Each structure stands twice: as structure tokens, then as C-alpha cells.
Amino acid sequence: MIRGKPDEDEYWNSSKFKAFTFDDEDDDFTRLKESKRAVNSIRSLVEEEDEEDDVEKVSWSGEPVGSISWSVKETASSIRSTGEVRDQSFPKINTAPSLPKNSSGYSLSSLFKAFGETSIRNYAPELRKPKSEYKVRYVYSLEKFRSLQDKLLLLDEAVNAHDGNVITAVLIYLKKSLSKENLFRELITREIALRHYIHFLKEIEEQKLLLMQYRDHLNIRDENKRRDFLKSCLSLPFSPDDATHVQDHYTLLERQIIIEANDKQVESSGQADIFKKYPRKASILNMPIITTLYYSCFYHYGESDGTYSSPANIRKTFRISDKQFLLTCLGARAKLKAWFDVDALFTTKNWLGYTKKRSPIGFHRIVDILQKNNAPVQVLQEYVNLVEDAEQKISLAQKYKCHDVIINTYRDLKDRQQLIVYRGKVERGSSEYRKIEEILSNSVR
Amino acid sequence: MTVVVLIAIYREVKGWAGVLLCSTSGPMAHSVRRDAPELPDFSLLKRLARDQLIYLLEQLPGRKDLFIEADLMSPLDRIANVTTLKQHDVDKLYKVEYKPIVSTSDQLCFLIRPRIKTVKWICDVVNADKAFGRFRKYKIIFSPQKFYACENLLEEQGIFGDVTTDEWSFYLLPLDDDIISLELPEFFRDNFLEGDQRWVRTAGSALHLLHSVYGPFSKLYGIGRCSKMAYESWREQVEEGEQRARQAEIGNVFLIDRDVDLVTPLCSQVVYEGLVDDIFRIKCGCVEFGPDVTSSDKSIKVMLNSQDKVFNEIRNEHFSQVFGFLSQKARNLQTAYDKRSGMDIKQMKTFVSEELKGLKQEHRLLSLHIGASESMMKRKTKQDFQELLKTEHSLLEGFEIRECISYIEEHINRQVSMVESMRLLCLLSLTENGLLPKDYRSLKAQFLQSYGIDHLLTFSNLKQLGLLVEQQPGETLTVMESRVGKLVNDKTAGKLTDAFSSLAKKSNFRALGRRLNLVPKSDEEYDLRVPRDMAYIFSGAYIPLSCKLIEQVLERDGWTGLEEVTRMLNGHEFAVTAGSNGSDARVKTDSQRIILVMFLGGCTFSEISALRFLGREKGLKFIVVTTAITNSARLLESMLDNHA
């Protein structure tokens with residue numbers, strides 16, 4: 001379908017191009033018209049191969065059709081012949097591209113002045129004939145747009161048509177006919193075109209933008225090659241923050257390769273109990289930092305800071321926060337049911353030598369994690385006891401059946417009533433039942 | 001047995017709703033207003049698509065093998081079946097898998113989306129044949145249209161001419177009585193992230209098709225850059241085409257860009273249909289329920305639409321209301337079955353022939369949805385859903401933000417679901433107009449540690465789109481400005497060095513929330529049994545911005561009085577009426593009360609539920625046209641780049 005409109009002049013006078021003055025510079029005007037025609041013809045080239053199919057494809061009537069191919073043709077021809085024509089035109093609204101971020105509300109509202117005025121365009125009835133009758137098939141070749149100015153007009157015209165397909169088509173032509181430097185210099189001031197171009201390059205896998213270059217490591221299977229590639233990325237001009245992350249990525253993989261080689265060997269030689277008891281399910285290569293830390297807390301706990309595989313070393317190298325370290329370590333040690341290690345995580349000594357339990361996260365959270373790792377009641381209740389909020393403590397204790405905690409709390413609160421209620425909930429004759437009995441009888445005095 | 005299960009789940013779910021429910025027989029079926037107009041019949045669209053496909057297949061006469069792009073298979077299934085294809089000489093069907101092919105046919109037909117990757121693969125196939133000296137005929141059918149870049153690739157690869165190309169204008173797939181999808185999930189990323197306008201014309205053509213079959217439209221409203229361009233494209237197509245005089249079935253149209261409201265699709269869905277989509281992922285109107293739902297060892301695929309009588313009654317309900325309804329249904333069913341006991345032979349015969357089939361069908365559906373509810377309940381309880389919802393609501397309300405940040409941080413630290421962590425971070429950024437630089441750096445670093453450093457790419461994408469950004473120094477003033485409702489004037493016009501973040505913009509969520517009353521006061525009780533507004537879809541915590549805009553514009557018949565709102569949404573609003581010779585907009589025909597809402601970039605089931613609610617309240621009918629059904633996971637997954 002050809003978009004060149006018969007009333008082109010009217011169209012152009014009412015449009016909102018500010019960069020050109022149509023009346024004075026005939027040259028520009030002609031060129032512009034030419035660009036527009038070319039752009040429109042691309043659309044038709046792109047969309048239709050065969051003039052025959054043309055009408056059939058674009059216009060489906062609303063009538064219920066018979067069936068199969070016959071009906072498709074029927075449908076098409078019925079559109080040509082039936083019905084009267086009504087004026088049904090809608091106003092054109094200004095869709096001039098604007099950078100949304102940079103435009104204030106003011107400039108936008110001024111752009112919108114075109115609204116409201118609902119102009120109705122009355123087309124001459126003779127132009128309402130089916131398209132194919134007046135359509136001249138321009139076989140447009142973009143080759144004739146040779147000067148830079150013409151090429152840019154063509155591009156701007158394509159952008160103004162809001163059809164990404166056409167914009168990309170023109171860009172493909174420009175890519176072939178302009179040097180890289182020239183093309184990029186012009187695209188820099190044409191955001192919409194630039195974005196289309198970058199997306200196109202990305203799709204045909206020709207792009208080499210900063211992060212995309214880094215992204216290439218994903219396509220490298222061999223871990224040593226991948227590591228070397230990441231090393232080469234270190235010299236790319238990342239922002240300071242991102243540079244740190246990329247450096248971390250390289251360091252991490254470098255160490256994972258060392259750890260993996262070592263552990264694989266140890267595991268297969270059967271030297272270490274831990275690997276025999278808990279065979280590794282997967283390689284540690286390409287796992288996130290925290291997964292690596294978990295792995296190290298699981299298999300390499302207690303190693304000296306000097307080894308790459310020790311939790312302390314990983315913690316230091318990747319600047320892992322106290323909270324994060326504790327959570328990961330807790331998870332790993334609890335999984336192994338190493339309750340002694342769990343205990344040690346929270347124990348601090350003050351200067352007088354007294355020990356105290358501390359945690360950078362609330363103890364109710366600790367209880368939650370321990371419980372999810374199937375910690376026994378004896379372990380759980382120790383941490384339930386450390387929960388500061390009495391109400392929360394009781395509810396956790398009830399949830400996890402830590403009888404001692406509940407009984408002691410009620411005892412300390414001297415809440416006889418609650419104790420009696422609770423006695424009804426525990427098994428008759430059990431140790432906790434006896435304990436409640438004892439407290440109740442003691443407090444009778 | 002079912003009732004017992006229900007009651008048990010029912011008790012558990014009460015917490016979610018925050019409202020004590022004492023009755024199991026909530027007024028589920030809303031009385032439909034008598035004057036609500038009938039919806040047009042969209043099955044015609046399927047028929048048109050099928051007929052055109054058959055026509056195209058016939059353009060390659062003789063036996064042929066057909067290769068279908070994976071994500072075209074479900075849509076194709078909805079409009080044609082294998083028999084139809086076989087009848088038109090399709091021999092074997094293959095899925096496009098980007099591998100060398102095994103076909104022995106002399107004619108190959110490829111039914112694909114216009115994607116470079118797929119065309120490249122076809123080039124490889126053709127060139128491999130050439131290398132073997134093998135001669136075949138090839139045809140590519142692009143759906144819904146071709147792109148020049150694809151044909152250019154054929155030319156570059158030296159096979160232009162060896163391959164014929166065609167277009168299958170399958171723009172619209174009706175998923176239900178009131179939902180039509182373009183099935184183009186990539187629309188969101190291409191348009192809003194990459195800034196590629198390749199689908200604008202597609203959207204215009206889809207609208208044009210609806211206009212020619214169900215129009216003429218008399219009024220169009222819209223907001224967003226893409227909506228405006230789609231409108232223009234549609235208008236041009238209308239002017240080029242012929243318009244026949246006919247009675248309009250759809251009078252009004254509302255176009256909206258997804259990036260006008262990114263908060264809504266990122267919220268956890270709690271309306272039944274949305275929740276099913278969040279958990280099981282509804283694909284092309286069909287869901288696969290696993291063994292945990294069917295309580296057998298098999299999975300089953302079920303169509304979820306208005307034909308399913310049980311589903312139809314619960315789809316728009318808040319999840320907490322669903323149990324009461326299902327248990328009531330179960331009881332009624334029991335009663336109906338029990339009637340048998342006192343029957344004589346004749347009555348029994350009538351019962352079996354007239355009622356039993358219906359009852360059995362209902363029984364099947366009922367146990368399916370009870371199973372689904374049970375399974376969803378279990379999963380949500382396991383992931384501490386209630387605490388998650390609390391955090392979400394706090395973010396929407398702007399309440400206890402530090403606590404929310406700690407919660408998100410711990411979520412990341414514990415390596416719980418990556419997409420969930422990202423969702424919460426984005427919600428934080430959108431509602432707070434960006435993160436403080438200190439928080440941004442710290443949360444980003446922790447995220448990369450927990451989920452992999454290659455998510456650097458994800459962060460870059462999220463920033464570019466404006467989903468997760470850092471507040472710029474000096475921006476506090478701007479936030480203050482927007483608080484007092486002033487014009488937001490971003491002076492940091494970072495020209496083109498910043499081309500990649502230029503689509504990013506401030507969300508102004510708080511200010512919008514206040515102006516449009518999106519977040520009801522939290523101390524008020526919200527009775528989910530009798531929803532008073534669209535906020536019910538989010539447990540009464542938030543009225544979706546997208547739907548609120550639609551409501552306001554319809555009420556005002558335009559954007560008058562909403563100037564401040566549109567300014568905060570970065571403008572690009574419009575409202576246009578057909579020329580005076582067109583159908584008179586003032587005539588209150590049924591078509592004037594049918595509103596077609598087109599979401600460019602996707603919409604969620606929750607939004608559809610909200611619009612259905614609005615329709616019932618106002619005596620309107622909404623038809624949702626969307627580029628794809630989306631939800632938080634789909635939206636965020638489209639931002640990922642960290643796979644080879």
C-alpha cells in the first residue's frame with residue numbers, strides 16, 4: 001500500500017516540522033517530499049511482494065465469511081464494492097518525538113496545542129477509489145539518496161513516521177553507505193534513530209557496547225577461557241562501582257577454579273570425611289559469591305584465613321557484611337547440625353571475660369532459620385529464650401513447642417492462671433507437666 | 001471431604017484479608033445491571049485468522065512440512081487444529097528449535113515471528129541444503145508482519161529469491177469474551193527498554209482491524225508516547241482504507257502505555273485469576289495443573305475462561321472470598337446428589353438424563369479449583385506471604401520504609417527467589433522516586449553477591465527503563481516539589497551521552513497517589529465481601545493507577561481537570577472525537593457503553609478484574625486488548641540478559 005497521499009500539500013502545510021521552512025527553500029521541500037515518498041515506499045516494499053495480494057491482505061471486512069481461501073478472496077472483493085462512504089476522519093495529533101526525561105510539562109503542553117481543533121479533512125470522492133486503481137508502484141531504490149543531507153532527511157522522515165520497521169530499513173541503508181564515524185556522529189543527535197540502530201546491531205550480534213562486551217563471557221564455556229576473558233574486561237571503562245563488581249567477578253572465578261580443582265581431587269581420593277558424608281551435588285564454578293561462601297562454610301569450615309577456600313578469606317576478599325556472613329554461615333552449619341559452631345557464632349566475650357550472645361539480626365529470625373533446618377527443641381529453645389520481646393517469645397515458643405521457655409516465662413511473670421491453662425495443653429505425666437505441678441505447688445506456700 | 005479441606009484452608013487465609021469473615025456464603029455473584037450492553041462476538045477474529053492462514057498455505061501447493069515457532073504454537077492451537085493443517089497438505093509439523101532439520105519433504109514452510117534469530121536459522125537450513133546439492137522450495141510466513149531487517153538478512157545470506165515470504169496478519173487472538181491478546185510479550189522490552197518502535201504499526205493495525213469489524217469508533221482517549229504513535233498509525237490506516245456505513249458495536253477506545261503505570265503489574269496478585277497466573281502461569285488462556293492440584297499422578301491442562309462456570313464466578317474475587325464460595329458450592333452439590341436417595345425409578349431416570357451430567361461436570365471443576373486453591377495456599381504459607389504483603393503495602397503507603405529496606409535486604413541475603421527480590425527493589429524505587437545512593441549501592445552489591453555478578457546487566461536494564469534507579473544528588477528538592485504538587489522540572493538534561501537512560505523517568509508515585517486517592521487510609525477496615533472500589537483487588541490497599549486513570553477520564557469525558565496528573569505522568573495524553581459526519585457521540589447507543597481498553601506493553605489479570613468491577617459499577621462493558629497478559633515475573637524476566 002502506498003502512503004503518498006494525493007493531498008500531500010495540505011498535509012505538509014499542516015504538519016509540525018520546525019527544522020525546515022517549506023515556502024522559502026524549494027530544495028529542501030522537494031528533498032523532503034522525496035524522502036517521504038521513499039520512506040513510504042519502503043513500507044510498501046517491506047510489506048507487500050505481490051500487487052495482487054495487496055488489497056486482500058490489508059482489508060478484512062466484518063462480514064462473516066464462507067470459508068477457506070475462496071472466502072478470503074470473497075472478503076476482499078466485497079470490501080471494494082459494498083457500502084457507502086462516510087466521513088469518519090479523526091484528527092492528527094502531534095507525535096513529534098521528544099525526550100521524555102528532558103522535557104518539562106510546559107514544553108509538552110505547548111506541543112499539545114494541536115489538540116482540540118478537530119480538523120476534518122474532506123477528500124475528493126474520486127480519490128476514494130480502491131487503492132490499487134490509482135496506486136503507482138514506485139520501485140524505490142534508496143541508492144539515489146547520496147548526499148549526506150539527503151540521507152539525513154530520509155532518516156528524519158522515517159523517524160517521523162513512527163514505524164520502527166521503516167526506521168531500521170533506512171538505517172540498514174545508511175550503515176551500508178556511510179562510514180561508521182559519519183553515521184555515529186549523526187546518530188548522536190538523533191536519539192530515536194540511535195536506539196533503533198543499537199538494537200539492530202544487538203540483534204545481528206555486531207554490537208560491542210560496554211556491558212554487552214562484558215556479557216560475552218556468558219558465551220564462553222571453558223572456565224579458564226572465561227576467566228581470562230573476564231580479566232580482559234577489567235580494562236574497560238566501567239563506572240567505579242561496576243569496575244569493582246567486574247573485578248570481583250574475575251577474582252571469584254579465579255578462586256572457584258582453584259577450589260574446584262582441589263576439592264574434586266580430595267573428593268575422589270576419599271581423604272576427607274566431609275565429602276564422603278555429603279558428596280558434592282554440583283561444581284562450584286560460576287556460582288554466586290554467597291553460594292561460594294555457603295559452600296566454604298560447609299566444606300572448609302575452620303580452615304585458616306590464608307587459604308582461598310576458607311570462609312574468613314572469602315568474607316574479607318568480597319567485603320561481605322556481618323549480617324550476610326552470619327546468615328550464610330548459620331545456614332551451612334545448621335544444615336550439618338553442627339550446633340556447637342552455631343553456638344560459637346553468637347558468643348562474644350566482654351573485657352571481663354563474661355560470655356554473652358549477640359546477633360546483628362533479631363533472634364526471632366535466627367530461630368526461624370534454625371527451625372527450617374530441623375534444629376531440635378533443645379537448640380531452638382535456647383534461641384527462643386534470647387528473643388527480647390516477651391510476647392513474641394511466647395508465641396515462638398508455642399509455635400515450636402518449647403515448653404520450658406513458656407513455663408519459665410509464666411513463672412517469672414507469676415502468671416498462675418496461664419500456667420494452669422498451659423498445664424491442660426501438655427501431656428499428663430510428662431516432664432513439663434510435672435514441672436508445672438511443681439511450680440504451682442511451690443507457689444501455694 | 002472437600003468441605004473439610006476448605007474450612008481448614010479458609011481459616012488460614014483469614015489472616016490475609018485482615019477482615020474477619022463469619023459467613024461462608026458471601027454474595028459472590030454480583031448482580032449485573034440490567035442495562036449493561038452485550039459484548040460483540042469476537043470469534044469472528046479467529047475465523048478470519050484461520051481463513052487467511054489456509055489461504056497462505058495454499059500458496060505453496062502440494063505436500064509440505066511446517067515448522068512453527070514455539071511461541072506461535074499455542075495461539076495457533078486456539079484457532080486451528082492439526083486436521084485443518086493436514087487438510088491443506090501439511091505433512092509433518094515441527095517446532096523451530098534452531099537445530100539442523102531432519103525433514104525429507106521437498107517443500108518447507110516456516111511459520112514464524114519476524115525475528116533475526118529465527119531467520120538466521122532458516123538461512124542456515126537453506127544454505128546447508130545448498131551445500132548438499134539438495135533442491136527444495138521454501139516459504140516463510142511471518143506473523144503478524146514482516147520486517148525489512150529480516151528480508152535484508154535473507155539477501156545478505158544469498159538466499160533471497162530462493163525463499164518466498166508472506167505475511168499472516170494474525171494480529172488478535174480472543175482469549176475470552178472480553179480479553180483479546182496480540183500475544184507479543186516482546187513488545188514491552190522492545191518498545192520500552194530498547195526504544196525500538198517496530199511494533200507501533202502492528203498495534204495500529206490491530207486497532208484498525210477492530211475498527212473495521214466492530215467500529216466505527218467515535219471517541220479515543222489515550223496516554224503515553226506509544227499510545228499516541230499507535231493512534232496516529234491507526235488514523236493513517238483508517239484514512240487510507242474504506243469505511244462502510246455500519247452500526248458500531250464498540251464506541252470508545254482508551255489506549256494506555258504500560259510505562260504509565262509500572263507499579264500495578266509489580267504488585268502481588270491476590271485476586272483468584274491473577275493468583276493462578278502468578279503461581280501456575282496461564283499461557284494463552286490455558287493452565288497446567290500439576291499433581292499437587294489434581295491429587296493424582298498426572299498433570300492436566302485446563303482452559304480458564306468464562307465457559308468454566310465455577311471459574312467464572314471466582315476469577316474476579318479476592319482469594320480470601322474464594323473458599324467461602326467453593327465450600328458453599330460443594331455443599332449445594334452434595335445436596336443435589338443426595339436428592340437421589342428418595343427417588344423412584346422414574347425420577348432417577350430423569351435425574352440421570354437431565355441433571356447428572358451437569359453435576360458431574362460441576363463436581364470436576366469444583367474439585368479442580370479446590371485443589372488449586374489448596375496448593376496455592378500451601379505455597380504462599382511456605383514463603384511467608386503475609387509478611388511479604390505487609391511489606392508491599394507499606395511501600396505503597398510510604399510507611400516504615402527503613403523496615404521495608406531491611407526486609408528486602410534479608411530477602412536478598414537469604415537468597416530467596418531472585419525475581420521476588422528484584423520485584424521488591426523495583427517497587428521500592430518506583431514508590432520512593434528512586435533509592436538513596438547509599439541504599440542503591442549497598443542493595444545492588446548484596447544482590448550481585450547473592451544472585452550472581454552477571455546481574456550487572458539486569459541492573460543496567462532496570463535503570464534504563466526507570467524501574468530501579470538511584471536518586472540523583474539534589475533530587476530531594478524535586479521530590480519536595482512534587483510533594484507540594486508543583487511542576488516537576490528536571491533540569492539535568494543529560495543530552496545524548498545519556499541516551500540509554502533517557503526513557504527513564506520519575507514515577508511521582510506518592511504525589512499521584514495523593515491526588516488520585518490511590519491508597520486508602522490503612523486504619524479503615526476494608527470489607528472484601530462487599531468491595532467498595534477497585535482497591536479490593538489488592539486487599540483494599542491500593543487502587544491500580546492504570547484503572548483509576550481510565551475511570552477518571554471516562555467520568556470527565558477527557559483529561560480536563562487532570563492536568564496536574566498528566567504532568568506527573570510525563571504528558572502524552574489525548575482525547576479525540578470523530579468528525580461531525582461520523583456517528584454522533586452523544587447518542588447513547590449501546591456501543592457508547594462498550595469501551596475497548598488497549599494496553600501497550602501488557603496488562604495483568606488483576607487490572608482486568610478491576611475493570612470488570614468498574615464496568616459493573618457504571619453499567620459499562622470493558623474489552624481489554626493487550627499486547628500480552630503480563631505479571632511481575634514475566635515483566636522482570638524480560639529484563640534479564642544473564643543467559644548465554
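How many salt bridges does the rule find across the interface of domain 1 of chain B and domain 2 of chain B? The rule finds one, a salt bridge being a side-chain nitrogen of Lys or Arg within 4 Å of a carboxyl oxygen of Asp or Glu.

This is a predicted model, in which local features need pLDDT of at least 70 and side-chain atom pairs count only at pLDDT 80 or more. Residues are numbered from 1 along each chain as its sequence is written, and side-chain values use heavy atoms.

**The two domains**

The bounds come from an automatic or database domain assignment: domain 1 of chain B covers 42-170, and domain 2 covers 174-261 + 544-580 + 587-638. In domain 1, 12 residues are in contact with 16 residues of domain 2, contact meaning heavy atoms within 4.5 Å.

| Property of domains 1 and 2 of chain B | Value |
|---|---|
| Separation of centres, over C-alpha atoms | 31 Å |
| Area buried between them | about 1300 Å² |
| Part of that area from carbon and sulfur atoms | 71% |

Buried area is the accessible area (1.4 Å probe) that two parts lose on being put together, summed over both. On the domain 1 side, F42(B), L45(B) and F147(B) lose the most area to domain 2, together 47% of what that side buries.

**Helix α18 of chain B**

Helices here are DSSP runs (H or I, at least four residues), numbered from the N terminus. Helix α18(B) spans residues 418-431. In α18(B), 14 of the 14 residues are buried, so the helix is largely enclosed by the rest of the structure; buried means under 20% relative accessible area (1.4 Å probe, protein chains only). After α18(B) comes N433(B), with a positive phi near 60°.

Note on methods
Chains are lettered from A and ligands numbered from 1 in the order in which they are written. Helices (H or I, at least four residues) and strands (E, at least two) are DSSP runs, numbered from the N terminus. The expected span of a helix is 1.5 Å times one less than its number of residues. Buried means under 20% relative accessible area, exposed over 50%, partly exposed in between (1.4 Å probe, protein chains only).
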